[in-house]
Amino acid sequence: MNQTYDAIVIGAGVIGASIAYNLSQRGLKVLILERQTVGAGATGASSGLVRMHYDIEVDSALAWESFHFFRNWRERIGGECGFHKTGFLQIVAPGKNEHLHANVAMHKRIGILTDVVTAVDVKKIAPMLKTDDFELAAYEPESGYADPVLTTNSFIENAKANGTVLKQDCEVAGIRVSGGNVQGVDSNRGSFDAPIVVNCAGTFASRVGQMVGVEIPLDTWTHDVAFVKRPPQVGMHPTVIDDALSMYFRPEGELTLVALEDGNRMGEAPEAELGRVDPGFVMRAIDRICERVDGMEEGALHSTHVGRDGLTPDQRAVMSQAGPDGFYLACGFSGTGFKLSPAVGVCMSELILDGRAKLVDISSLDLGRFARGELLHGEHSYGHIWK
Ligand SMILES: Cc1cc2nc3c(=O)[nH]c(=O)nc-3n(C[C@H](O)[C@H](O)[C@H](O)COP(=O)(O)OP(=O)(O)OC[C@H]3O[C@@H](n4cnc5c(N)ncnc54)[C@H](O)[C@@H]3O)c2cc1C
């Protein structure tokens, strides 16, 4: 006889882990199935930025609700998430000043701790930053970064304490449906029954969708990351998204993590080897960090790595019910899902158990928007993040 659960979560990245934890908090007996190991997908390679600055409200609201968890992890979840408050700057090119003002006004309406600051203010906040090519930035003094692997493990350990079962090296190969209702899944380690199945399979989510005839327009996004040894005289800088130079960077102890918004590789197969960073990436990353941070020319490359996430056509997540009753999607996090994960878990558990997410209205993130041609974009859009 198959083992029976209340819900099966496919994928043990940070999104599946958060959803499993939240369902288990609501009393469900949950099974997490993971084809490799916990955090083997995008989560294990994530840069971990925690900030609220987005150009659409639903993303900012999810990030803000999540931020309350990151800041008080031990009390809210238990264990560690590795949050470091560094302050966060969103730098924009002068052509985007109006957009920045409008987006910060939207953030303030939500309650986010943020302000528009001038280049002169930026110099006071972070004296090592060169500020001659932009006029304005948004500043979030309380934001920073966290550790995606610690965060995921913490969700999983706390879910396990509520009775959740985790099976690694367990690849879901089929989903059973009868009378329009999900019945369970088949995997390389046997079959399991549950009336609820949540697709959190990251870059593989479109394949999992196809198991029940649900088409998810998901591409892949492969992203190179470098760590540079920071010369001591530079000092500790904040976490920065620098749209003027199409990069982001943050401190990691004596190192600086740098990655680029452009030159990312789209369309690689989900199972393709991650391999090495693109030829030329390191030089471009070093050139840009030196362009922004005084004294970085004396730094040295420490290491690089590559990660891959699922990318939707509007570069926003999909969170909805789709296909047979009991089948749910939480995927397509498009290179920005880590910081949203605590609120995603709450919202998905509310959607599944109460019929509607209450913490944040996630109805605009439904799968149907692609078929309807209603792709999401900010009223004061900065354009696609990833090029
Ligand atoms: C290099 C990089 C940097 C990033 N930086 C940031 C950042 O600074 N801030 C931020 O907020 N976000 C960032 N992101 C994005 C964020 O990390 C992801 O959006 C998030 O981790 C996605 O989590 P996930 O659980 O949806 O996917 P994943 O972590 O990819 O997890 C999906 C899991 O599903 C498993 N799986 C797939 N198919 C099956 C199957 N059939 N059966 C069983 N298991 C299956 C996979 O093995 C995988 O472990 C970054 C991403 C990358 C790659």
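Leaving aside its neighbours within four places in sequence, with which residues is H53 in contact?

Reply: The model is a predicted one, in which local features need pLDDT of at least 70 and side-chain atom pairs count only at pLDDT 80 or more, while totals for chains, interfaces and linings use all residues. Residues are numbered from 1 along each chain as its sequence is written, and side-chain values use heavy atoms, with hydrogens and water left out.

H53 is in contact (heavy atoms within 4.5 Å) with S60, F88, Q90, L100, N103, V104, H107, A138, E140 and Y382, once its neighbours within four places in sequence are set aside. H53 is placed in the loop between β4 (49-50) and α3; helices (H or I, at least four residues) and strands (E, at least two) are DSSP runs, numbered from the N terminus. With a relative accessible area of 2%, H53 is buried, where buried means under 20% relative accessible area, exposed over 50%, and partly exposed in between (1.4 Å probe, protein chains only). Between the C-alpha atoms of H53 and R292, which are 239 residues apart along the chain, the separation is 20 Å.

Helix α3 also holds D59. At 4% relative accessibility, D59 counts as buried. Its contacts, apart from neighbours within four places in sequence, are Y54, R316 and L340.

V198 touches I8, V9, I10, I19, Y328, M348 and I352, not counting residues up to four places away in sequence.

Aromatic rings form a further theme. Rings of Phe, Tyr and Trp (its six-membered ring) pair if their centres lie within 6.5 Å; planes under 30 degrees apart count as stacked, over 60 as edge-to-face and the rest as tilted. By this rule there are 8 aromatic pairs. One of them, W73 with F155, is edge-to-face, at 5.1 Å centre to centre and 70° between the planes. This pair links distant parts of the chain, since W73 is in helix α4 (residues 73-76) and F155 in helix α7, 82 residues apart. Both W73 and F155 are buried. The ring centres of W221 and W386 are 4.5 Å apart with their planes at 45°, so that pair is tilted. Y21, F70, W73, F155 and F338 form one aromatic cluster.

A charge sits over a ring if NZ of Lys or CZ of Arg is within 6 Å of the ring centre and within 35 degrees of the ring normal. R76 lies over the face of F69, 4.0 Å from the ring centre, and the charged end of K29 sits over the ring of Y5, 5.0 Å from its centre.

As for the whole, the chain has 11 helices and 22 strands. Of its 387 residues, 57% count as buried. Along its principal axes, the C-alpha trace spans about 65 × 40 × 40 Å.
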